[in-house]
Amino acid sequence: MFSLVLLMMALVAGLVLVPLGLPGLWVMLGATLVYWLAVPAGSVGLVTLLVVSALVAVAEVVEFTVAGRYARQYGGSRRASWGAVLGGLVGAVVGVPVPVLGSMLGAFAGAFAGALVAEFTVPQERRGVPLTVAKGALVGRVVAAALKVGFGLAIVVWVAAAALVGRWSGTG
């Protein structure tokens, strides 16, 4: 029972980290792996571990591509799209030293700045409105963060259900 409580606490802690731009999904995956290894007759099986791994991988890809897609939707060039993706990555890394919100705010600012700077490098006759494009990248980054929280909720539900159903059925 204690191991199940620890698993749930780790899942909730991971979920809290996600909107802050911290590696909460990876914490959730790690907690699931540790539970799977520590409770051999446990209810969290290999299928659950593989599903959680896939969800984490997809969420990471989605997080950094959505900003680029939004930059394009707001009239930006392919270059602005890449600028938003790369700017978001750089911003997240640069923001890490700032406690709590640094990486999230850094990713937002980076996506905006990356799209803005990249759009200015496009010839004027093919260029979108740089501030509009950058705003689109920022909106996309916010949407991406919300989607990542959704992935985190799905992981919590999946792992909690697997652990609880297995415990109730006598396998955990």
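Predicted model: local features only at pLDDT ≥ 70, side-chain atom pairs only at ≥ 80, totals over all residues.

**Exercise 1. Describe the packing of helix H3 against helix H4, and classify the residues of the contact.**

Solution. 

Step 1. Two packed helices are described by the angle between their axes and by the distance between those axes.

Step 2. For H3 (residues 46-73) and H4, the axes come within 8 Å and cross at roughly 145°. The crossing in which H3 passes H4 is right-handed.

Step 3. H3 contributes Phe64, Thr65, Ala67, Gly68, Arg69, Ala71 and Arg72 to the contact, while H4 contributes Arg78, Ala80, Ser81, Ala84, Val85, Gly88 and Leu89.

Step 4. By class, the residues of this contact divide into seven nonpolar, four polar and three charged.

**Exercise 2. Determine whether Ser81 is buried or exposed, and identify its contacts outside the local sequence.**

Solution. 

Step 1. Ser81 belongs to helix H4, which spans residues 78-95.

Step 2. The relative accessibility of Ser81 is 14%. The cut-off for a buried residue is under 20%, and Ser81 therefore counts as buried.

Step 3. When neighbours within four places in sequence are left aside, Ser81 is in contact with Gly68, Arg69, Ala71 and Arg72.

**Exercise 3. Characterise the largest pocket and the setting of Ala92, one of the residues closest to its centre.**

Solution. 

Step 1. The largest pocket holds about 260 Å³ of space. Its lining consists of 20 residues, of which Gly21, Glu63, Phe64, Ala92 and Lys148 are the closest to the centre.

Step 2. The elements giving two or more residues to the lining are H3, H4, helix H5 (102-120) and helix H6 (130-169). H5 supplies the largest share, with four residues.

Step 3. The lining residues divide into 14 nonpolar, two polar and four charged.

Step 4. Ala92 lies in helix H4. Because its relative accessibility is 15%, Ala92 counts as buried.

Step 5. Not counting residues up to four places away in sequence, Ala92 touches Ser103, Gly106 and Ala107. Gly21 is 71 residues away from Ala92 along the chain, yet the C-alpha atoms of the two are separated by 7.5 Å.

Technical notes: Residues numbered from 1 in each chain as written. Heavy atoms only, no water. Buried < 20%, exposed > 50% of the residue type's maximum accessible area, 1.4 Å probe, protein only. Contact = heavy atoms within 4.5 Å. Axes fitted to C-alpha atoms, helices over the stretch in contact; angles between N-to-C directions. Left-handed = near helix turned anticlockwise from the far one by under 90°. Nonpolar A, V, L, I, M, F, W, Y, C, P; charged D, E, K, R; others polar. 1 Å grid on protein atoms, 1.4 Å probe; cavity = no way out; pocket = protein on both sides within 12 Å on 5 of 7 lines; lining within 4 Å. Points joined across faces, edges and corners; volume = space filled by probe spheres on them.
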